[in-house]
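Colleague: I am new to this structure and would like to learn how to read its features. Could we go through them in turn?

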Amino acid sequence: MNIPWVKESLWHLRTSAGEGSHALLLTGARGIGKRAVCEQFAAWRLCERPVNDEPCGKCMDCHLIAAGNHPDLIVLEPSSEEPASPEGEATSQKKAKVSQFITVAQVRSLLDRLELVTHGGKGRVVIADPAEQLNGAAANALLKTLEDPPSLTTFLLITSQEERLPITLRSRCRRVPVPCPARGVSLDWLQSEGVDNAQALLRLAGGAPLKARAMGESGVTQRWDRLVQGLTLGEIREFEWDTTAQGLAELCHFLQMLCIDLNRMREGAGTRYLPEEGSPLRETAMGLWPETISDVWMDLNKTKALIRHPLNGALVRDELLLSFDRIIAQRTP
């Protein structure tokens, strides 16, 4: 994938590794290309004969990287778990469940692999993405290896929620921030990728271009526009919405985005997610109570933390919409 704005971050990664850092923490917003930086670093690091700090693209290692099965590139990420039958055997009749966490079993499997001889003699690259999804036991199991890793092994931890990482883990890593690209650069890239309505998508994605592209593929702008229209017409309580965990997480995120913009419009500031000019909600925003917006924001945060639990989706949706409707109901005429 051609992502031009990550070149500087890739240079920082190579420099840090060259200076002896074996555990690197890539931080930055979700959807700006942190994983792409790590994959490009791994391709360079494991290439047999890199040319001008670029992988040659022709050797066996480059072909294995391109195919996604290089034995010296190990990725830790939340995995799919086959549901078990009552007898304890996996069954194909049920859908695999995607874990929310990187587990201690995955880390122990990684540590066993690190005991083996490397494939090409150039070392290994281990990518943990997202690192904040390492559960407590998994993070603890990784600490000693991060402090004293096998020779020529580089750990790349990716996070968009650095504050969720244990301090013990962060203290063992060298931090490499990955900045969000300039708006013009992101728009040019999205247009080169054939993404329609790039400006609106980039606003909704908070300026993160890869996230914007993914949102465009999922039809998110239509759902956002429908929600804004319902709020404008005072019909937000009437909404039907996907009541799966994913759908409710999206609704919760949308409502928080609206909280931010309503508060910004109330203060006379520019919007982040709604159109800068001509928003039909600007007049409504002027009469809102900031305390109510803050209270609803906090309620949305609490609900977001519970969404992955087995809850009644329809009730959660209705509670979210009613809670947000309270902002409008308590406005000053």
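Colleague: Which residues in H13 meet which residues in H14?

Modeller: First, note that the model is a predicted one. From H13, Thr292, Ile293, Asp295, Val296, Asp299, Leu300 and Thr303 take part, and they meet Val316, Leu320, Ser323, Phe324, Arg326 and Ile327 in H14. By class, this contact of H13 with H14 has seven nonpolar, three polar and three charged residues.

Colleague: How are two packed helices described?

Modeller: By the angle between their axes and the distance between the axes. Here helix H13 covers residues 290-306 and helix H14 covers residues 313-329. Their axes come within 8 Å and cross at roughly 165°.

Colleague: Why are H13 and H14 called roughly antiparallel to each other?

Modeller: Angles over 145 degrees count as roughly antiparallel. The axes of H13 and H14 cross at roughly 165°, so the two helices are roughly antiparallel to each other. As for handedness, H13 passes H14 in a left-handed crossing.

Colleague: At what angle do helix H7 and helix H9 pack?

Modeller: At about 40°, with the axes 10 Å apart. H7 spans residues 183-192 and H9 spans residues 209-217. The crossing of H7 and H9 is right-handed. H7 contributes Ser186, Trp189 and Leu190 to the contact, and H9 contributes Pro209, Leu210, Ala212 and Arg213. Sorted by class, the contact of H7 with H9 has five nonpolar residues, one polar and one charged.

Colleague: Which residues in the largest nonpolar core touch the most other members?

Modeller: A nonpolar core is a set of buried residues joined through side-chain atoms. The largest one has 70 residues, of which Leu156, Trp224, Leu227, Leu255, Leu258, Leu262 and Phe324 touch the most other members. Helix H11, residues 245-266, gives the most to this core, with ten residues.

Colleague: What does Leu262 touch?

Modeller: Leaving aside residues up to four places away in sequence, Leu262 touches Leu231, Leu281, Ala285, Leu288, Ile293 and Phe324. Two of these names have come up already: Ile293 in H13 and Phe324 in H14.

Colleague: Why is Ala137 classed as partly exposed?

Modeller: Buried means under 20% relative accessible area and exposed means over 50%, with partly exposed in between. Ala137 has a relative accessible area of 42%, so it is partly exposed. Ala137 lies in helix H5, residues 136-147.

Colleague: How far apart are Ala137 and Thr243 in sequence and in space?

Modeller: Ala137 and Thr243 are 106 residues apart in sequence and, from C-alpha to C-alpha, 32 Å apart in space.

Definitions and conventions. Residues are numbered from 1 along each chain as its sequence is written. This is a predicted model: local features need pLDDT of at least 70, side-chain atom pairs count only at pLDDT 80 or more; totals for chains, interfaces and linings use all residues. Side-chain values use heavy atoms; hydrogens and water are left out. Helices (H or I, at least four residues) and strands (E, at least two) are DSSP runs, numbered from the N terminus. Buried means under 20% relative accessible area, exposed over 50%, partly exposed in between (1.4 Å probe, protein chains only). Axes are lines fitted to C-alpha atoms, for helices over the stretch in contact, and angles run from 0 to 180 degrees between N-to-C directions. Angles under 35 degrees count as roughly parallel, over 145 as roughly antiparallel, 65 to 115 as roughly perpendicular and the rest as oblique. A crossing is left-handed if the near helix is turned anticlockwise from the far one by less than a right angle, and right-handed if clockwise. Contact means heavy atoms within 4.5 Å. Ala, Val, Leu, Ile, Met, Phe, Trp, Tyr, Cys and Pro count as nonpolar, Asp, Glu, Lys and Arg as charged, and the others, Gly among them, as polar. A nonpolar core is a set of buried Ala, Val, Leu, Ile, Met, Phe, Trp, Tyr and Cys residues joined through side-chain atoms within 4.5 Å.
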